[in-house]
Amino acid sequence: MTTSKLILAIFSMAIVIFLTRAIPFIFYYKKTPPKAILYLGANLPPAMMVIITVYSLKDVAWMQFSGILPTLLAIVTVVTLHLWKRNYLLSIIIGTLVYMFLVQLIF
């Protein structure tokens, strides 16, 4: 593929991504969004977090001490940090670091 074709492909993908992000703001500028959009905005993030959590825990060796303890300690860390600081990013990053530390260096 030539350089000009690559540049054209990147530019067209950037335009499409920009438009898919900008169109809702263009349509609902100074208007109240429909109730369905407000419902999704309120309920989709927690639902996605539940799906990600279940997916992350599906392969844990629940019958082995070395599999369950780091997982439970990381879960407790994430929940405690989130209840304390109310910061999703901080909770996820610190919980991941705790889990990786326990798995790599302790267990």
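Q: Where is the place of F18?
A: The place of F18 is in helix α1, where helices (H or I, at least four residues) and strands (E, at least two) are DSSP runs numbered from the N terminus. This is a predicted model, in which local features need pLDDT of at least 70 and side-chain atom pairs count only at pLDDT 80 or more, while totals for chains, interfaces and linings use all residues. Residues are numbered from 1 along each chain as its sequence is written, and side-chain values use heavy atoms, with hydrogens and water left out.

Q: Is F18 buried or exposed?
A: A residue counts as buried under 20% relative accessible area, as exposed over 50%, and as partly exposed in between, using a 1.4 Å probe and protein chains only. F18 has a relative accessible area of 54%, so F18 is exposed.

Q: Which loop holds P34?
A: P34 lies in the loop between α1 (3–27) and α2 (35–57), and with a relative accessible area of 35% P34 is partly exposed. From P34 to G95 the C-alpha distance is 36 Å, for a separation of 61 residues in sequence.

Q: How many salt bridges does a search of the whole structure find?
A: A salt bridge is a side-chain nitrogen of Lys or Arg within 4 Å of a carboxyl oxygen of Asp or Glu. The search of the whole structure finds one. K58 forms a salt bridge with D59, and their closest N and O atoms are 2.8 Å apart. K58 is partly exposed, with a relative accessible area of 47%, whereas D59 is exposed at 63%.

Q: At roughly what angle do the axes of helix α3 and helix α4 cross?
A: Two packed helices are described by the angle between their axes and the distance between the axes. Axes are lines fitted to C-alpha atoms, for helices over the stretch in contact, and angles run from 0 to 180 degrees between N-to-C directions. Here the axes of α3 (residues 65–85) and α4 (residues 88–106) cross at roughly 155° and come within 8 Å. That makes α3 roughly antiparallel to α4, a term for angles over 145 degrees.

Q: Which residues of α3 and α4 make the contact?
A: Contact means heavy atoms within 4.5 Å. The residues making it include L73, A74, T77 and L81 of α3, and I94, G95, V98 and L102 of α4. V98, in helix α4, touches A74 and T77, when residues up to four places away in sequence are not counted. V98 is partly exposed, with a relative accessible area of 24%, and its C-alpha atom is separated by 24 Å from that of P45, 53 residues apart along the chain.

Q: What is phi of R86 near?
A: Most residues other than glycine have a negative phi, and most peptide bonds are trans. Phi of R86 is near 55°, a positive value in a residue other than glycine. R86 is placed in the loop between α3 and α4, and its relative accessible area of 58% means that R86 is exposed.

Definitions and conventions:
Angles under 35 degrees count as roughly parallel, over 145 as roughly antiparallel, 65 to 115 as roughly perpendicular and the rest as oblique.
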